[in-house]
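Q: Please show me how to read a model like this one. I would like the general idea of each feature, then the case at hand.

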Amino acid sequence: MFTDKDIEQISAKGIGLDQVNAQVERLKDGMTHSNLVSAATIGRGIQSFEQDEFDDLVNLYNAKLDDLDILKFVPASGAATRMFKFLFQFLKFFNPSKDTIKTYAEKHGDDLIKTFVSNLDKFPFYNEVIEKIKDSEIDYKSLKLEEQYYQFVKTMLNPDGLNYSFFPKGLLPFHAYEDQTVTAFYEHLFESTLYASSKNKSNLHFTVSEQHHNYFLEELIAVKPALEAKENTNFNVSFSYQKEATETVALTTNGNIFRNDDGSILFRPAGHGALLENLNDLESDIVFIKNIDNIVVEHQNIQYTKYKKVLAGALLKAQNQVFDFLRQLDEGNIDNADVTAMAYFLRKQLNIAIDSGFYDSNFEQKTAYLREKLNRPIRVCGMVKNEGEPGGGPFWVKDKDGEVSLQIVEFAQIDFSKKGQQSIVYKATHFNPTDLVCGIRNYKGETFNLLDYMDPEAAFITMKTQNGVDIKALERPGLWNGSMAYWNSIFVEVPVETFNPVKTVNDLLKPAHQGSK
């Protein structure tokens, strides 16, 4: 199947030939769908804290804050192109000399454009676009209203204008305040000072695309001094790219490896699951994970900080007990009552379904089982009530060995042709807004090898188009899905107000993204 030139190309990416063959087999065999047992709900997989318990967890985190090595991990490589999809359609099909916004919207079934033009001055980039139009020597005010709209969008998106769609979401004007307009990148720096800084130092790691790295560095240089002075915090910011060795091949509909025009193999980025490698390279006591576009204006961020702290407090509380149990197991000075207490903790606090054979095992087998289950990375995930927003859901899932565990499952992993699986999905009450706090060190202070706790069977297969050709593409198990399949998981209910992603440009009009100009 592979020529010498192919093997040279594969090797240059740091990928083994056996890995590529495994990818091809996976694509040919098809996806392994998740086997849902039931939806995770309040009291059955999702915790909801009373006020006193909530306060205790926040206080626990605050008390430990200065003793912790904390990191904020932000996937930020996503291009902004999809934010502007309806605006690209507008540029393509709108004729400002013939159409009105109303007739265009009716003809194309596009209500988004009506919302957009009706609120132009509320967008954080409004002044920047107007200034750019002035620089082009166009007499904007003399244009008809429809021509103004068209010119505004053209200036936003065209390469000879502001070229917004070229940039990642993290570097676009996101929030406008009276004294400045800031990017999502800036807001994440600020947010870190609220809950992820220790001894006046914030550590942040952004995963970015190589082509945008220098733009992020320029933004960091531009905003860092003033923000450090304002917040009395030093920012230690690092960046990484998705590794080439995580890229995957694609197949044509005929089952052949898709190749570029020059005959070389097409390798594609393998989705956010590829970032497990980046996360695995980092060393911290606690890692907060949050997407770049899920960030709110300053006054709301201050208000929501307590929910990040309660997740971190829940992680510390669980870790303290896990580490204590593991030290007891090391010392060996335990009896059957201790073993029973550990098993109860696994079941009630770490949501681990104990194997039926556990209770019939001898003492040594029981302690070995407990050690293996306890000594794993821990994640605490915020879950919000499902109000129609897209996102992976929390479910109890049975794996190929018959073990049942809590997982975050994307719709693409579910076989909707099976009515039983469909029924379980419809009973789901919550979804995951990508709001995680992770403990990646063990009880000895050593960093886990996170690659050991991934389920390779949870890979995604999707249909894509490449140069007009339909291809079958492979993505690695999602970062918070199959890539964390064998972590110990705790799910905690948080308010839906903590989830404010920007999927289309119009989302910037929501109150969560409106500062005070």
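Q: How many residues does helix α13 have, and how far does it reach?
A: Helices (H or I, at least four residues) and strands (E, at least two) are DSSP runs, numbered from the N terminus. The expected span of a helix is 1.5 Å times one less than its number of residues. Helix α13 (residues 336-348) has 13 residues. From first C-alpha to last, α13 reaches 18 Å, close to the 18 Å expected at 1.5 Å a residue. This is a predicted model: local features need pLDDT of at least 70, side-chain atom pairs count only at pLDDT 80 or more, and totals for chains, interfaces and linings use all residues. Residues are numbered from 1 along each chain as its sequence is written, and side-chain values use heavy atoms, with hydrogens and water left out.

Q: Which residues of α13 are buried?
A: Apply the cut-offs: buried is under 20% relative accessible area, exposed is over 50%, and partly exposed is in between (1.4 Å probe, protein chains only). In α13, Val339, Met342, Ala343, Phe345 and Leu346 are buried. These residues sit on the same side of α13, because they cover an arc of only 155° around the axis. The arc is that of the directions from the helix axis to the C-beta atoms. On the other side of α13, Ala337 and Thr340 are exposed.

Q: What do the buried residues of α13 pack against, and which residue caps its N-terminal end?
A: Packing is read from contacts (heavy atoms within 4.5 Å). The buried residues of α13 pack against α12 and α14 (363-374). Asp335 is the cap here, with a side-chain oxygen 3.1 Å from the backbone nitrogen of Ala337.

Q: Where are the buried residues of α15?
A: Helix α15 (residues 419-426) buries Gln421, Ile424 and Val425. They line one face, because they fall within an arc of 100° seen down the axis of α15. Lys419 and Tyr426, on the other side, are exposed. The cover over the buried residues of α15 includes β1 (35-39) and β13 (393-398).

Q: How many residues are in the largest nonpolar core?
A: In soluble globular proteins, nonpolar side chains tend to be buried together. A nonpolar core is a set of buried Ala, Val, Leu, Ile, Met, Phe, Trp, Tyr and Cys residues joined through side-chain atoms within 4.5 Å. The largest core here has 110 residues, and Phe116 and Phe206 have the most contacts inside it. Helix α12 (residues 298-331) gives the largest share of this core, 14 residues. A second, separate core of 26 residues includes Ala40, Trp396, Ile408 and Trp480. Leaving out residues up to four places away in sequence, Phe206 touches, among others, Val74, Phe185, Val237 and Ile292.

Q: How many aromatic pairs does the structure hold?
A: Rings of Phe, Tyr and Trp (its six-membered ring) pair if their centres lie within 6.5 Å; planes under 30 degrees apart count as stacked, over 60 as edge-to-face and the rest as tilted. The structure holds 29 such pairs. Phe86 and Phe116 are edge-to-face, because their centres are 6.2 Å apart and their planes at 75°. Phe86 is in helix α4 (residues 85-93) and Phe116 in helix α6 (residues 111-118), so the pair ties together parts 30 residues apart in sequence. Both residues are buried. Phe185 and Phe216 are also edge-to-face, with centres 5.5 Å apart and planes at 65°. That pair ties helix α9 (residues 184-195) to helix α10 (residues 213-231), parts 31 residues apart in sequence.

Q: Which residues do ring pairs link into a cluster?
A: Follow the pairs from ring to ring. The cluster links Phe84, Phe86, Phe116, Phe123, Phe125, Tyr126, Phe152 and Tyr164.

Q: Is Lys308 buried or exposed?
A: Check the area, then the contacts. Lys308 is buried, with a relative accessible area of 6%. It lies in helix α12. Residues up to four places away in sequence aside, Lys308 touches Tyr195, Phe288, Lys290, Asp435 and Val437.

Q: What is the phi of Lys199?
A: Lys199 has a positive phi of about 55°, although it is not a glycine. Lys199 is in the loop between β7 (197-198) and β8 (201-207). At 61% relative accessibility, Lys199 is exposed. Asn200 has a positive phi near 60° and is a residue other than glycine. Asn200 is partly exposed, with a relative accessible area of 45%.

Technical notes
Polar contact = N/O pair within 3.5 Å; in protein donor to acceptor, adjacent residues only side chain to side chain.
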